[in-house]
Structure formats: structure tokens, C-alpha cells
2 protein chains.
Amino acid sequence: MEKSGIAALLVSTEPEVRYFTGFHTPFWQSPTRPWYVIIPSTGRPVAVIPGIGRAMMADTWVEDIRTWSAPNPDDDGVSLLAATLQEFVPPGEAVGVPMGHETHMRMPLNDWNALVAECDGQRFVDTTDIIRGLRMVKSDVEIAKTAHICGIVSDAFEALPNLLSVGMTEREAFQRFRIDILERGADDVPYLVGATGRDFVDVIKQPSDRVIEGGDLIMFDTGSMWDGYSSDFDRYFAFGHADEDAQRAYRTVWESTEAGLEMLRPGVTTTDLWQAMADVLTAGGSLGNDVGRLGHGLGIQLTEWPSNTATDNTVVEEGMVLTLEPGMTFAPGRMMLHEENVVVRADGVEMLSRRAAPALPIID
Amino acid sequence: MEKSGIAALLVSTEPEVRYFTGFHTPFWQSPTRPWYVIIPSTGRPVAVIPGIGRAMMADTWVEDIRTWSAPNPDDDGVSLLAATLQEFVPPGEAVGVPMGHETHMRMPLNDWNALVAECDGQRFVDTTDIIRGLRMVKSDVEIAKTAHICGIVSDAFEALPNLLSVGMTEREAFQRFRIDILERGADDVPYLVGATGRDFVDVIKQPSDRVIEGGDLIMFDTGSMWDGYSSDFDRYFAFGHADEDAQRAYRTVWESTEAGLEMLRPGVTTTDLWQAMADVLTAGGSLGNDVGRLGHGLGIQLTEWPSNTATDNTVVEEGMVLTLEPGMTFAPGRMMLHEENVVVRADGVEMLSRRAAPALPIID
């Protein structure tokens, strides 16, 4: 921050507030109240939050907690936030705000404009790079939490063939899988998408009343949570039998992942990683994909920086937690994805998800 | 929109996109990609979205779907969005954007600034009132969905005494309750907070390893979902016995709710409603509360406009779905909340949650 001439950071979203304070509640699902945390270049974070959050914030490592009675549409914390910023950021100095890719400010645009107007002695500058740099490299505690939820979900995927059968609806399959993950100790299963059938391309789908038939594929992709950290990987199964195209496509995305796992280590770039995986997909007859990348960071959120793309070029560091997620349309209207979660160690990768079977598993 | 001189609305958040298109996926938990929908003053909505969403959006009533390959940090849909807006909004006319209370734009600030710069022939104006007016009054289909999830959660709360016992940890209690709601047919339980003990004020809390003891109160508050619509109500129970202060406080918040239920009908205001409930709390010895309101709207989101406050003054209309949520600190460090969900009908209210017992229920 000092190098960038920034006197304090200002953040407003759930993952950012949690990262800098430890404040953890699903109350963010209520859009009513804005929440702010200021991180001065020296000293502890300062919370500027609605009164309803005081008791919980007092249980974190934050000591300076300033509250207002929210909701108050006439001034929902803006004047309190402006006064607090002015206390920590001398006139002429800069407030760093995440303004770049994968960020947003969770506050009304009118309030943002009012804040900038009230703080007319301060400058507001983009601080995406600082926050991105901090959050991309995980601590041992963060890695352990991700490993724990990945273990739970790996167990659940291994047991899935015993849970599902032909004749079940998609809704029933989703319900059983979600409950099974919870029974194994996940705190929540906020992200669960899936599809069934011989042909599908929509890989972010919610369940329908469709009945599972013999010869169907099923894809489940879940971001389950434990102690505030997320897994993110998928698995495919076939009911009874699968056609050769599907089996070959499964093998291709599995081998694409294998190529990524073999070359991933500190010093390579996310673009090198993308290239290694993309080469296998191309050789395997990929018709492209709409996902836009072949994996990403993982942690507090289901997806985080960086992205494994042709242009991302992030240098991989020890302690990064990444997903390898090759996907391809293998025939018109037919999509195959694969995903594993890993942590980058000094000499390569350590699996966090349990490696998938090399051949498409069949549920009898 | 015509009355306000607005040629098109632009929205970017999950509930707004879902409201105007029917697009429903938990994929929004990935912060990577922005999503946009334009609603012209005449004609159907236009989706400007990442390619990964094309298949799903094509299953909605939206016909005009424009996609880009995301993530693309150099231009993550901004130029496509600007060009599309310019097609629907003639120079000199206005794009309506939600900028007011309880809104935000889910896009990077840098992209917002770039969009405004590219659309220098168009004006961007606040359209919170239009969206607020539309969303506050629910259709019969919306009401039926909320009623369904409220029924499931009412059943689960009724069965809760059989599920919990002294000696269980908070974590176990949360897990059992969440799974029970899912087994009863909820799609998801994204919002579950609770607390145990004789004294607590934090009512947005996640579970700890604390062991439940005789004489404890337990509070659970859940926003469970079915087909994209949320419940939002809480219940208190005592284990074995409860002191008189807690029993009296329970009775006070129950009667405060009763006062609200009796007077709520089209034509009264949310401030009238607040006053009717607040009078009972004051008479019952309330030491105030940090929640900031005594209930709110409910629907796609856990909380929606309006707010039951001393200054909100929204005129209640038939078809509004509201929570009545009186709360009070009844002794230093001791908080009591109560909540019911209702729909406003021509001549009063219809319960969506099943009315709580008038006396604090005891779990033996």
C-alpha cells in the first residue's frame, strides 16, 4: 500500500470483509444494508457497519467498530464512512478501492457518488492488484479448510453410485446428493448444479422433473463449504452404459487435467497451464467450449483469481489453490467437463480433491 | 418508464436478472463474470451475458441473447453492452439504472465508468422507484411459491422439538435442522442463523461448538428456498425451562406481531405498521434493538423493499408479501425476536408462515 501511495483500503463485499476481519454470516443475503471495512496502511481494520452486526464483529479481531442504525435510506452509513475515511486518509492521499476485474462495490451507486463528493480532499484509486495479490496465495489455515471440504465432497462423490438410480428425477438426485454432503459434515452446499441425459451443454443448470434413464450421463458440480471455505469440482457418471463418444471425451478431459497436474509448479504461468491442457483437448477433438477458461483460483469464494486462459499470464506461486477444469463440446450439443482442486507446493501440486477415475464410471 | 422518459432499464444482479428473465442458477456465486439484462420500454428483455449462460438463457422467455467469451479482463462485455444499449436508447434519451437504497451494480467500477464514457450520447438515471414498485407487489404465482416454502419451514419448526436435545452442540443442531428442511422438500437453505444460551444479542450468528444446556433458549432464523422464492421467519424454544423474563419477552414480541396482523391491510403505511408493533414493544419494556426495522418485504430475496420503520411510509398494497419482525433487548445482553410472513389481501392479511404459539415453547 505504501509503495502505491495508498493510505487505506476500502472494501464492501462479503468475501473481502470476511478476508480482512473474519466476520462470517449468511446475513449478506439481505441486500438492504451496506457494510464497509477500512484497512489503514498501518494498524488494524476499522469496521463501519450497521448496528445489527456490532455483536458479531466484536467477536472478530477488529477493535474499532463504528455503527449506524440501518436501514436509513436518507444516509445509510455514507456520512459515517466519509468521516472515518477522512480520519485515516489525510487530504491529498488516496483511498484504494477494488475497481477491476472480478470486483464490484456492494453499495448503491448514489451512495458511491455521495461518498466521493464528501471526500473531495481524498483520491479514490483502483486497488484490485493489492487485494488480488494477497488473496491468491493462501495460508496454511486456509489450505487446510479447503482440503477438509474437498475431502468431504470426494467421499460423497465416491458414494454417489449407491445413492442414485434410473427412474429417479433430477430433483430427487439433487436432494439426495445435497443431504449426503451435509450429513458428511459440510456446513452448506450453496453451489450445486447438474444435468442428466445423453446430450447436454448447459453446465450451470438447476434440477428439473426429468426422469433419469439408462444410458444417461449425469454431471454434478458442487461448491460445498466448510468453515467459510469452498470446494469446486465436478464428476460425471453414466447409468448402465455410455456410448463411445462420451467415454472418449471423458478420457480426453481426464488426460487434459493430467497434463496440467504434471506441469503445474511455482514459476509457470496460468497461460502455460492453459496451453498444456488445451493441447490435449484439441488433440482429442474438442469443438470448443463456452466456459471461457480451464480453471481458476479457489478459497473463500467458489471462483477467485487467477483464471487459466490464453492471456492471463499470472505467475503461479507456492500456496495458490487452483482448479484445473478442462471442458469441451465433444459433439454438437454434448459437453464434457472435468475438474480437480489442488494446492501448489514448492515442487509441484498436492491434490485437494481425490483424483477422479481415469475412465467414465458406470452406475449399474 | 415512458412517464419517466426512460428508453430502457439496465440491471446486473441475480434477483433483478431473474425477475425480468426467469434465469435461475447458483452460478452467480462466481464473482468472475458480469451479467446484464436490458429491458426496453417496448418489447422483450435483451440479455448481454457470458457465453456460459447462453444455453440456460435460451430456455427462458428471452429471445435476444448476445454473448461474449468471458472472462476477458480487457473487455468483459463492456463494448457489447454499450453497443446494445445504443441500439435501444436513442441519443439524448435515458438508460434507467438502479442507483438507490438496497441496490448495487454488480460490475467493476472501472467497467461502469467505461460504459458511461462509451455511451456519451445517452444519460444514465436512477430507476430504483420503477423496479421497487414492480417487485413489491407479487403475482399469484410468486405468492404461491412463497407460501409453499413457508409451509415446509413451518412443518420443520413444529417438528424441531423432536430433533434437538440438551447435550447437542450448536453445529449438530444446525446440521439436523438444515437437513430436515431439505428432506421436507426445500430446494436449499441458504440462510440459517441461530444462537443458544440464556443470554445472547447476536441474531445473525453461525454455529459454534457450544453444548446446549438445560435452561437455554434456542433461536433459529431461516430463509429457505423453493423454486427461487424465500421464506424468512424465526422461532424460539427453551430447553427444559425458561426464566420469567424470557417468557414475558416472548409474549411481548408475539403480541406486537398480533397488533401488526390486526391492523395490516391495503392503504395503511409501513410506518403505521411499525408504530402499532413498536407501541407493544415499548409497553413491554423494550430496551431497543439493533435490527433497525420491524420487518420488510420478502420474495426472490430474503429481504426486499419495503422496510417497516418510523420513516418508511410506504403505502401497503394488495399482493405485497411482508414479514412482521418485532425484536427487543429485554434485559442487558438478552435479545428476543419474532417473525411471521404474510401476504396482504383486499381485507387484511393471510398467513404464509403458520402462526407461532403464544407462549414460549419448552423442549422437554
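How many residues does the contact take from chain A and from chain B? The contact takes 63 residues from chain A and 63 from chain B, where contact means heavy atoms within 4.5 Å. This is a predicted model: local features need pLDDT of at least 70, side-chain atom pairs count only at pLDDT 80 or more, and totals for chains, interfaces and linings use all residues. Residues are numbered from 1 along each chain as its sequence is written, chains are lettered from A and ligands numbered from 1 in the order in which they are written, and side-chain values use heavy atoms, with hydrogens and water left out.

Start with the chain interface. Chain A and chain B bury about 5,400 Å² between them. Buried area is the accessible area (1.4 Å probe) that two parts lose on being put together, summed over both. Carbon and sulfur atoms give 58% of that area. On chain A, the trio A:His101, A:Leu109 and A:Ile204 supplies 13% of what the chain buries against chain B, more than any other three residues.

Polar links come next. Between chain A and chain B there are 28 residue pairs in polar contact, both residues at pLDDT 80 or more. A polar contact is a pair of N or O atoms within 3.5 Å; within protein, one must be able to donate a hydrogen and the other to accept it, and residues adjacent in sequence count only if both atoms are side-chain atoms. Salt bridges between the two chains number 2. The term needs a side-chain nitrogen of Lys or Arg within 4 Å of a carboxyl oxygen of Asp or Glu. A:Arg178 and B:Asp188 meet in such a bridge, at 3.2 Å from N to O.

Which elements build the chain A side? α2 (54-57), α4 (109-118), α7 (170-183) and β7 (188-197) of chain A each supply at least two residues. β7(A) gives the most, with 6 residues. Helices (H or I, at least four residues) and strands (E, at least two) are DSSP runs, numbered from the N terminus. By class, this side of chain A has 29 nonpolar, 21 polar and 13 charged residues. Ala, Val, Leu, Ile, Met, Phe, Trp, Tyr, Cys and Pro count as nonpolar, Asp, Glu, Lys and Arg as charged, and the others, Gly among them, as polar.

Now look inside chain A. Its domain assignment gives domain 1 (6-136) and domain 2 (140-363); such bounds come from an automatic or database assignment. The C-alpha centres of the two domains lie 34 Å apart. In chain A, 12 residues of domain 1 are in contact with 17 residues of domain 2. The two domains of chain A bury about 1,200 Å² between them, 53% of it on carbon and sulfur atoms. On the domain 1 side, A:Glu102, A:Arg135 and A:Met136 lose the most area to domain 2, together 48% of what that side buries.

Salt bridges also cross this domain interface of chain A, 2 by the rule. A:Arg135 and A:Glu304 meet in a salt bridge of 3.1 Å, N to O. α1 (14-21) and α5 (128-136) of chain A each supply at least two residues of the domain 1 side. α5(A) gives the most to that side, with 5 residues. The residues of that side divide into 4 nonpolar, 4 polar and 4 charged.

A further salt bridge joins A:Arg132 and A:Asp312, at 3.9 Å from N to O. A:Arg132 sits in helix α5 of chain A, A:Asp312 in the loop between β12 (304-307) and β13 (321-324), 180 residues apart. Over all chains the count comes to 50 salt bridges.
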